[in-house]
Amino acid sequence: MFGVSIAAIQSPSMTKGGFQVGDIVIINRTNTDNLRPKSSTYEGDIIAFYYENADRNVTKTLITDFDNYVEPDIPEESMPKRDNKEDLLDEYTRIYFHRVVGVYVDEATGIRYFETKGDSNNSADPYKIREDLVVGKYVNTPMWVRSIFKFCASGLGMIILVILPLTILIFMQMLSLLEQVSALMTERKVVMGQMNFDNEESIKVNVGYEMRDFDKIYFYDVSPEENKAQVRDFLWVYPENVKVSKKQRSHLKAVDIALDIYDKKGAREYWNYWKSYYKGRHKEKIKLLSYVALYVKGGRTYEDALKLAKLDVKKYN
């Protein structure tokens, strides 16, 4: 990301350089013209590179004086053919993390090649690495940062940083789901008349706001006359922290019309209004609930009323 990569040390070849197996290091994309080898005055740049023997037959000249070296100006059309990078690399190509100990150049092309060596190894790597196979240069990473990265990549780190938080998240989601199921059960109890609408539990889970529009229409009709005003506020006055949408405002206008009809003309015309308001399968739902309301007001339980209402709908259809 943004030229920065993170790599894990997989072998002890750089142990003498202070890198242990499992260390996580930061690699930054770099201008390969600036890479310098290990010398008496410079510790040498550490690079990550694809370990492939590109242009194996090319004659390479060692650069010894970087301050006065002038890269040859060679027209692109005069460039000799070289091994294609895409043909060299595949998913199995290894990436090494070693120190630069020599920089070479192909005088015919100006392309640089890097001789590398693991600090713990006795000899340099056999292949000289073409500059376009360099992934990047090691960015000095303090030991404490490497230790944190190493811990994060370890089994225990994965458990603490990934598996444990994920387990907590799943547990919290399950609790949330259980709360939603509990709230839905409370709502059904209110609708079916098994719990008072102003019960503390009902108010706590905000049953009035969460209740489906169909159930609100039904519940208002079956509520006792002395509770109608309170039920109206319970069902259709939204909490202050709720932003009412355009669709909800439109529905509230329909509610005002329906309740006015209820006050002036009674329950039959109230249900007729809602039957004309809804279309398709929603209209069938309203028709069913109108029958349920008749039976409930006649003294039936909600369950019995629903069974009888379904028979009536089937018979009259």
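Trainee: Where is Asp 55 placed?

Mentor: Asp 55 sits in the loop between β3 (46-50) and β4 (61-62). Keep in mind that this is a predicted model.

Trainee: What is there to read in the phi of Asp 55?

Mentor: The general idea is that most residues other than glycine have a negative phi. Asp 55 is not a glycine, yet its phi is positive, about 50°.

Trainee: Is Asp 55 buried or exposed?

Mentor: Buried: its relative accessible area is 4%, and the cut-off for buried is under 20%. For another positive phi, look at Asn 206, a non-glycine residue with a value near 60°. Asn 206 is in the loop between α4 (200-204) and α5 (207-210), and at 31% relative accessibility it counts as partly exposed.

Trainee: Now the inside. How many residues does the largest nonpolar core have?

Mentor: That core has 39 residues, and Tyr 218, Tyr 270 and Trp 274 have the most contacts inside it. The elements giving two or more residues to this core are α3 (155-191), α6 (213-222), α7 (228-236), α8 (246-265), α9 (267-277), α10 (280-297) and α11 (302-316). The biggest contribution comes from α8, with 7 residues.

Trainee: Which residues is Trp 274 in contact with, leaving aside its neighbours within four places in sequence?

Mentor: Trp 274 touches Ile 217, His 251, Ala 254, Val 255, Ala 258 and Ile 286. There's also a second, separate core of 16 residues, which includes Ile 47, Ala 54, Leu 88 and Val 105.

Trainee: How many of the residues of α6 are buried?

Mentor: In general, residues three or four places apart on an α-helix point the same way, because there are 3.6 residues a turn. In α6, 8 of the 10 residues are buried, so this helix is largely enclosed by the rest of the structure. Among those buried are Asp 215, Lys 216 and Asp 221, along with Tyr 218.

Note on methods. Residues are numbered from 1 along each chain as its sequence is written. This is a predicted model: local features need pLDDT of at least 70, side-chain atom pairs count only at pLDDT 80 or more; totals for chains, interfaces and linings use all residues. Side-chain values use heavy atoms; hydrogens and water are left out. A nonpolar core is a set of buried Ala, Val, Leu, Ile, Met, Phe, Trp, Tyr and Cys residues joined through side-chain atoms within 4.5 Å. Buried means under 20% relative accessible area, exposed over 50%, partly exposed in between (1.4 Å probe, protein chains only). Helices (H or I, at least four residues) and strands (E, at least two) are DSSP runs, numbered from the N terminus. Contact means heavy atoms within 4.5 Å.
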